[in-house]
Each structure stands twice: as structure tokens, then as C-alpha cells.
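Have the structure open as you read.

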Amino acid sequence: MEENISPKEISFVCTCGKKLQLTLIGGQYQFSWQNKCECGRIWYLEDLSVEEEEVDETV
Ligand SMILES: [Zn+2]
């Protein structure tokens, strides 16, 4: 059984240096977090659990 722990907010530091909280926007199949920084940048983060890249090159 897989358990997905999705925090409602994620601390994030914008490239401009400002700290911001990405807030969870619910999805049916995956979660994502979004917020807009004061500098105007919009950050969009998708399901963190998928972030792991599979390096599967056994040659
Ligand atoms: Zn910013």
C-alpha cells in the first residue's frame, strides 16, 4: 500500500530571494502546489513523490 503524504503548504524560496509558501491545489490524480511571488513569478510544483528520476541504465 502506498501512502502519499502531501503537505498543504511547502516552503519555497524564489529565485529573487523571497520566501514563499506554495499552497496545495487538489487534483484527482496528482497534487500540485502553486503560489505567486511578489516579484511576479508564478511557481508551480507538481507531485513531489514523482520527482525521483529513474536512472536505470544497466548496460
Ligand atoms: Zn520572487
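## Ground rules

A strand here is a DSSP run of E with at least two residues, and strands are numbered from the N terminus. Two strands count as paired if DSSP finds at least two bridges between them. Please keep in mind that this is a predicted model.

## The sheet as a whole

The sheet is open and has four strands, which follow the order S1-S2-S3-S4 with antiparallel pairing. Strand S1 (9–13) and strand S4 (42–46) sit at the edges; each has a single partner strand, so one side of each is left without a neighbour in the sheet. On average, neighbouring strands are turned by 30° against each other, with direction ignored.

## Strand S3 and its two partners

Strand S3 covers residues 32–36 and pairs with S4 in the antiparallel sense, over five bridges. Strand S2, residues 19–25, also pairs with S3 in the antiparallel sense, here over three bridges.

## The hairpin turn

How many residues lie between S3 and S4 in their hairpin? There are five, and Gly40 in the turn has a positive phi of about 105°.

How values were computed:
Residues numbered from 1 in each chain as written. Predicted model: local features only at pLDDT ≥ 70, side-chain atom pairs only at ≥ 80, totals over all residues. Axes fitted to C-alpha atoms, helices over the stretch in contact; angles between N-to-C directions.
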